[in-house]
Amino acid sequence: MSGHSQFKNIMHRKGAQDAKRARAFTRIAREISASVRGGAADPGSNPRLRAAMEAARTANMPRERIERAVRSALPGAAGTVPDDVRYEGYGPGGVAIIVEAMTDNRNRTASELRTTFSKRGGSLGETNSVAYMFERIGRVVYPASAGTPDAVLEAAIDAGAQDAVFDGEIHEITGPQDKLGDLRDALESALGTPQEARLAWRPVMRAPVTDLATAQSLLGLLEALDELDDVQRVETNAEIEPDILDQLEKG
């Protein structure tokens, strides 16, 4: 397992212990609404919505909550559908961080992020201050039950993927951002509906983290950012030493 994947898994496991179901449902509902607003209310013709619906199913989100999220984005519906917004900043040790959010009040979200970065040893930057350290990719995720690593790798190659990695819990398949739709459709034909299919950020410039204290501070910042109501996803280019990763997992 690569260090970056292991660190993301540590984040996921720690967050899963503390995350409230209501917050998870809110994030999925926002994604559903944004998907409908940007495409159509039919998952069959709207890939982003189809992926959001699958995320809702995996999270056991109530049907009524899903339907309400769809209705809220239809023409003539009351209320405001949140906008997709990207924020960028630096964490402990100078690592780069990208935060994807959905918000109906950009000033509020920026203020919350700025405060969180500052309290946790980081700083909120300007747009494009760290994005050059990442590349935009298409990312399709399947659970371990989708197949053996060799079988999934073969399906990924046939689908035109650039890479396929199994970390013991999920199969992560990646390809060019402009081919995400084709990649997802080909994989869906071979492996079934994915757990997740979306655009993602992949670091191309890594920031080494070589001491435990910095790694712990960074993990604290990333967890605090992930807990903010408007935040959907958090990505970092941190490259943490294997022995420090092992200590983080134990502690």
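These exercises, each with a worked solution, concern a predicted model.

**Exercise 1. Describe the second largest pocket: its volume, its lining and the elements that build it.**

Step 1. Start with the volume. The second largest pocket holds about 390 Å³.

Step 2. Count the lining. There are 19 lining residues. Nearest the pocket centre lie Arg48, Glu100, Arg136, Leu199 and Arg233.

Step 3. Assign the lining to elements. Two or more residues each come from α3 (47-58), β1 (83-90), β2 (96-103), α7 (180-191), β7 (196-203) and β9 (231-236). The largest share belongs to β7, with four residues.

Step 4. Sort by class. Nine lining residues are nonpolar, nine are charged and one is polar.

**Exercise 2. Which strands form the open sheet, and in what order?**

Step 1. Read the order. The four strands run β3-β1-β2-β9, and their pairing is antiparallel.

Step 2. Find the edges. β3 (123-124) and β9 each pair on one side only, which makes them the edge strands.

Step 3. Look at one pair. Five bridges join β2 and β9 in the antiparallel sense. Ile97 stands opposite Thr236 of β9.

**Exercise 3. Which residues have the most contacts inside the largest nonpolar core, and which elements supply the core?**

Step 1. Take the core itself. The largest nonpolar core has 25 residues. Ile97, Val99, Leu225 and Ile240 have the most contacts inside it.

Step 2. List the contributors. The elements giving two or more residues are β1, β2, α5 (106-119), β8 (207-209), α8 (212-226), β9, β10 (238-240) and α9 (242-250).

Step 3. Pick the top contributor. α8 gives the most, six residues.

Step 4. Connect this to Exercise 2. Ile97 is among the core residues with the most contacts, and Ile97 also stands opposite Thr236 in the sheet.

**Exercise 4. Glu100 forms a salt bridge with Arg233. Is each residue buried or partly exposed?**

Step 1. The closest N and O atoms of Glu100 and Arg233 are 3.2 Å apart. The bridge links strand β2, with Glu100, to strand β9, with Arg233, across 133 residues of sequence.

Step 2. Apply the cut-off. Glu100 is buried because its relative accessibility is 12%. Arg233 reaches 22%, so Arg233 counts as partly exposed.

Step 3. Return to the pocket. Glu100 and Arg233 are both among the lining residues nearest the centre of the second largest pocket.

Step 4. Widen the view. Shared partners join Arg139, Glu172, Glu196, Arg198 and Glu235 into one salt-bridge network. The whole structure has 22 salt bridges.

Notes. Residues numbered from 1 in each chain as written. Predicted model: local features only at pLDDT ≥ 70, side-chain atom pairs only at ≥ 80, totals over all residues. Heavy atoms only, no water. 1 Å grid on protein atoms, 1.4 Å probe; cavity = no way out; pocket = protein on both sides within 12 Å on 5 of 7 lines; lining within 4 Å. Points joined across faces, edges and corners; volume = space filled by probe spheres on them. Nonpolar A, V, L, I, M, F, W, Y, C, P; charged D, E, K, R; others polar. Core = buried A, V, L, I, M, F, W, Y, C linked by side-chain atoms within 4.5 Å. Buried < 20%, exposed > 50% of the residue type's maximum accessible area, 1.4 Å probe, protein only. Pairing = 2+ DSSP bridges. Salt bridge = Lys/Arg side-chain N within 4 Å of Asp/Glu carboxyl O.
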